[in-house]
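Here is a walk through one protein model, taken element by element. Keep the structure open while reading.

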Amino acid sequence: MRHAECGFTLMELLTALTVTTILLMVAIPSYRQQQERAQLSAAASRLYSDIQQTRADAIRRGADALNIYFFLQPDWCYRITDRSDAECSGCDALCDVARDGQVRGISHSDLPLVTLAEVTYRGSELGIQRRREGMAAGHVLFQVASQQLMVKTTGYGRLRICEPGHGDEPC
């Protein structure tokens, strides 16, 4: 009576390894692109919602002194504050509202794949006023590899996220 042989032949093992390698070669770049796109979208969406929230806070407080400061070097961040630009001078400075000690905004460490490529607001500062039409025109451009998303504001208070170079409507 012979015992049944258990296990894989060398050919079966090599075939399984080859198929696994091919699947990984296809899946890893796709996963990386998905991860990049997700972080890019998160950066633009977070800034959009932070601008909306800051506008609501300015109206609630009845104050025009809320600002969003953008810092590009050495690693990017943006901070929401009622402090002056002399007090809120960088990502590590205490930039809070009403001296509550709470940091508002995001930074490179939150979304390490994203680059803050461009800020067109004068002095890299977006002042939020309680009047609906009281917001500076400009944009912030986030980038990951060759993908870009722009958060754009108008002087009339319009706010949107768009993708430069895509679609019929100019970004």
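This is a predicted model. Begin with the pairing of two strands. Strand 3 and strand 5 (residues 138-144) run antiparallel, and four bridges join them. Within this pair, T115 stands opposite Q143 of strand 5.

Now widen the view to the sheet. Strands of a sheet pair through backbone hydrogen bonds, in either a parallel or an antiparallel way. Here the pairing is antiparallel: four strands form an open sheet, and their order is 3-5-6-7. The edges belong to strand 3 (115-119) and strand 7 (159-162). Each of these has a single partner strand, so one side of each is left without a neighbour in the sheet. From one strand to the next, the twist averages 20°.

Next comes the helix that packs on this sheet. Helix 1 (residues 10-61) touches strand 5, strand 6 (147-153) and strand 7. Its direction makes about 5° with that of strand 6. Helix 1 has 52 residues. From its first C-alpha to its last it reaches 73 Å, close to the 76 Å expected at 1.5 Å a residue. Just after helix 1, G62 takes a positive phi of about 70°.

Which residues of helix 1 are buried? They are E36, Q39, L40, A43, A44, L47, D50, I51, T54, R55, D57 and A58. The list includes the charged residues E36, D50, R55 and D57. What do the buried residues of helix 1 pack against? Their partners include strand 5, strand 6 and strand 7 of the sheet. They also pack against strand 1 (66-71), strand 2 (77-81) and strand 4 (125-128).

A search of the whole structure finds four aromatic pairs. One of them joins Y69 and F71. Their ring centres are 6.4 Å apart and their planes stand at 35°, so this pair is tilted. Both Y69 and F71 are buried.

A second pair to inspect is F70 with Y78. Here the centres lie 5.9 Å apart and the planes are at 45°, so this pair too is tilted. F70 and Y78 are both buried. Follow the rings onward from there: ring pairs link F70, Y78 and Y121 into a cluster.

Key. Residues numbered from 1 in each chain as written. Predicted model: local features only at pLDDT ≥ 70, side-chain atom pairs only at ≥ 80, totals over all residues. Heavy atoms only, no water. Pairing = 2+ DSSP bridges. Axes fitted to C-alpha atoms, helices over the stretch in contact; angles between N-to-C directions. Contact = heavy atoms within 4.5 Å. Phe/Tyr/Trp six-rings, centres within 6.5 Å; stacked < 30°, edge-to-face > 60°. Buried < 20%, exposed > 50% of the residue type's maximum accessible area, 1.4 Å probe, protein only. Expected span 1.5 Å × (residues − 1).
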